[in-house]
Amino acid sequence: MRSTFLVGVTCACLLLVAGRVQAHHAFAAEFDVNKPLTLKGSLLKWEMVNPHSWFHVVVKEPDGKITTWLIEGGSPNQLIRMGVTKNTVPIGTELTIEGYRAKDGTMKAVGRNFVLPDGSRLFLGGSAPGGGGGDKK
Amino acid sequence: MRNRCLTTGNVVAAASAGLLLLATLAAAQAPAYRAPRAPDGKPNLNGIWQAMNTAHWDIEAHSSAPSPARELGAAGAVPAGLGVVEGGSIPYTPEALAKRNENRANRLKLDPEVKCYLPGVPRATYMPYPFQIIQSQKHVMMVHEYAGALRTIYMTEQTEAPADSWMGWSNGRWEGETLVVDTKGFNDLSWFDRAGNFHSDALHVVERFTARSPDTLNYEVTIEDPKVFTRPWKMSMPLYRRVEPNAQIMELRCVEFVEDLLYGHLRKQPK
Amino acid sequence: MTRYLFGVLAFVTAASLTVTAQAPTYRAPRTPDGQPDLQGFWTNATYTPLERPQNVTKEFYTPAEAEAAIKLAIAREAAQTEPGTTADVHYDFSQFGLDRSQSKFTRSLRTSLIVDPPNGRIPPTTAEGKRRIAEREAEAKRLGGRWDSAESNQLDDRCLIMAGAGPPMMDAAYNSNYQIVQAPGYVMILTEMIHDVRVIPLDGRPQPPSTVRQWMGVSRGRWDGETLVVETTNFNGKNPFRGSTDRLRVTERFTRVADDTIRYTFTVDDEAMWTRPWTGEVPIVKTNGPIFEHACHEGNYGLYNTLVGARLEEKRAADEAAKKGSK
Amino acid sequence: MNRRSLVSIGVVTLAVAVLVSSAAAGQAPSAAPKAASAAKAYTPPRTPDGQPDLQGFWTNSTYVPLERPKDVTKEFYTPAEAEEAIKRAAAREAEQTEPGTTADVHYDFSQFGLDRSQSTIARSLRTSLVVDPPEGRIPLVNAEGQKRAQALAAARKARGGPYDAVENMPIGSRCIIMGGSGPPLMNAGYNANYQIVQAPGYVMILTEMIHDVRIIPLDGRPQPPQNVRQWTGISRGRWEGNTLVVETTNFNGRNAFRGASENVKVTERFSRVADDMIDYKFTVEDPATWDRSWTAEAPLAKTGGPIFEFACHETNYGIANILAGARAEEKAAAEQALKKGSN
């Protein structure tokens, strides 16, 4: 289940007509489509911030080196409406991140998918622990 | 003779007036003034308010000082202030005091206000800009001119902060004449003033807003943050109503004013 | 001529007042709120030195001696400078009414303003005081020559504050005028030069914390019978009075002893500088207004001119040196 | 798995809601005359000071486009058609992107609850939000408007590439204001939520994205002089019966709505027609852009709070990343060119 919004498309009218979700900024300008990656690590910190949240993930590289990656995700606000809080995802949660690396070559990436050890996605349809599964009225 | 009596009388009068003033300030808990009521019967704090002091420069007592930015000259000068912290100084731990001093020395680089970041609490209240209280039953809103900063004070349906934020998560209640606002869930990024006074994410702020006359409020704040201070401490000040009939919270959308400062080094170099 | 006669008259009055000051029978008029009324324009211009001259041993001159001393001082002040000397590069004070004798000045038989210690001289400096003086000199040296930068110039040349603006209020050499205005709970004292104003509250409020410091300190006043007592602390120490530090405490006493005279005494206490407190006294006499705006910094072309002049001279010297070198 | 079931629950809810909301959105008399009369009977609650109560959390999230699609000729869908259109749009929004494509360089909206189908949407049977002109499309831009648009495009081009400097980037990306922040209030794509709070003499409307607040005075005060201009203009409100009418002028023209000039006037009308629905209409007048005014209708549906702080600029790391990325690519290209040259 993915957003189909084409970040390369700049015609604003399309956004309004088609009613597709507008990306806050052009992710393909920030991250390199030619540098897909998969990272396995544990959560150090989740910055629940806008316009996009950031996950700090400690990764053990193949050569044994320990590095910390910053992974960009989505705005936390809707998750919060669904009942997610800062306690929902414990520090140390094991995550596999499929994404694309930053163009400036630093240890940053966009998290295309955040996958838990059992293969499920971190937040999906309110499936996160503590998630209420939709708006509270 | 008569003259002497008069003089003595004056001294006594002046002294008692002074005492009365102190007593009034101290006894904000039990003000003599009863505010007009909002239609729901609560004290009516609706209005556009502004502090008139130098707490935004430094909440502690301080001398005047030159502008931190040379080009501003006297337009950016720091006016002296007698401070709004009860007891005079903030009870920092030694390590925190060192950090405050470092903040102060590097304030042009570090002060979140310079970067147009949200001001945090209570700093938002005494910045040199107005804010408006929009008082409803479920929510009391505080809308600040600076950076469009905003607080929702939950009067009902109160919960804990879901996540840390700049302006914190505020729950409110009425205690007689006083609106009491309890705020937690802060991040550790905002400051108290331009002088580098700061807090951690353990900050807990309790504010008391009490009408003291038709056009003034008493504003009292208790600050608690065991990671930074050795004990809770208080500040207090009056807030003044903006009484001009066309008073309005205007846009101070400052992001674009600071972009060159923040991102100018990433500008494409001219060929 | 008339000026001189007037001066002598005033002199006699002031002298007698000084002597009989112990038991004033005069009762000051009252302001509507009942304060003794000190309001009006006043001057402390004087030919009496702060410290007693080394060759003088007595506290008071005879009237004849005092008159002679003043005459001597007036003549000295009005003397023409030698054309072609550095001193001559100046406008003539007397052509702008700026020598003391052309306006009201205050007289007393005292040989010094200092009345305590009895020798009429400032007490010895403490060891800390000596250290501080050495530090100040080192700092001045670090800033370079007087014309190296605006900041290394004198405070008054920079229009920051006059050296004698005080408190205590000292004769400013010219324009030594003050305006006092009273309102319920307050006494305001305007010093003409560089428009320095003190608004002194009388309500017994405490001094602010020691982190708050000002050039003129922070003053708190009270009425002690007929006398206004003003205590000032919280100086920033950047305009030292005779070497004083930021620990200076000044206590001033203003007593109106005649329609045209306020007895002004001041006690200077600074443990960091002197081995004991010391006290001075000077009658402040009524003078005429108005006090015209003394905007100073705004039209201070002189500061710019001296800096430009210094840079030009340096350049000329460098060019000269280069020329010599190349020969 | 649980996600899928949630979605299907969503669709069922949706079908039910279509019926409810078509009734609620029944300001369109031709479409639902019965519902309209039912809606007329609704009397909104009052605030303690007697204003019709609009307070609470609302959303204008919708799959209905502003302008009627070219291939649609009618004003209203049948409920079945509407459901079908929404399903199609939701599916399109939730579609997988192709790994390795530019479109795929993004976090997954649905993993952050950000696709519309995961939260409340404001439904209507309308085929477009525009209700006037009757063909459901914005009037053609006049000569003056075209000229201005060309001048703006030329100025944009003269400033260089989109990632040459922060000022060249879109204002929404820069956290200054979202494109649809308005007024008028336009669906923001995600977090399309509003909070309305009323106090005597004032209505406050908070737009969630980038915490934009309008405090609208109701005391009849005049607009400020023309030289006072703001991104969201300056709004003045009044009650006409149960309808809040808000007129906004004094825009700075820098977040031009559909190409409008700074002299655009937007008139909004808020009428609560059910406990969970505000009928929201807006009229746009700007002779410098369109030869006639036009009006749209986009209902606000009640939704759950809270609105969490949308601090944006403070942690907008993307800006630095994008600019740094562009500089890194330029550097790499220059080195490449140098290498080629030296070979």
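A salt bridge is taken here as a side-chain nitrogen of Lys or Arg within 4 Å of a carboxyl oxygen of Asp or Glu. The side chains of A:K86 and B:D164 meet this rule, with an N to O distance of 2.6 Å. The structure is a predicted model, in which local features need pLDDT of at least 70 and side-chain atom pairs count only at pLDDT 80 or more, while totals for chains, interfaces and linings use all residues; side-chain values use heavy atoms, with hydrogens and water left out. Residues are numbered from 1 along each chain as its sequence is written, and chains are lettered from A and ligands numbered from 1 in the order in which they are written.

Between chain A and chain B, the count is one salt bridge. Five residues of chain A are in contact with four residues of chain B, contact meaning heavy atoms within 4.5 Å. The two chains bury about 360 Å² between them, with 61% of it on carbon and sulfur atoms; buried area is the accessible area (1.4 Å probe) that two parts lose on being put together, summed over both. On the chain A side, A:M48, A:I80 and A:K86 lose the most area to chain B, together 84% of what that side buries.

Chain A itself contains three helices and five strands, arranged along the sequence as α-α-β-β-β-α-β-β. Helices (H or I, at least four residues) and strands (E, at least two) are DSSP runs, numbered from the N terminus. Of the 137 residues of chain A, 57% count as buried, that is, under 20% relative accessible area (1.4 Å probe, protein chains only).

In chain C, helix α4 covers residues 301-326. At 1.5 Å a residue, its 26 residues should span 38 Å, and the end C-alpha atoms are 37 Å apart, which agrees. The expected span is 1.5 Å times one less than the number of residues. The buried residues of α4(C) are C:L303, C:L307 and C:A310.

Chain D is divided into domain 1 (1-41 + 76-125), domain 2 (44-70 + 129-311) and domain 3 (313-342), with bounds from an automatic or database domain assignment. In chain D, 19 residues of domain 1 are in contact with 20 residues of domain 2. The area buried between these two domains of chain D is about 1,700 Å², of which carbon and sulfur atoms give 61%. Across this interface of domain 1 and domain 2 of chain D, the rule finds zero salt bridges. On the side of domain 1 of chain D that touches domain 2, α1 (2-24) and α3 (79-94) each supply at least two residues, and α3(D) gives the most, with four residues.

Conventions
Buried means under 20% relative accessible area, exposed over 50%, partly exposed in between (1.4 Å probe, protein chains only).
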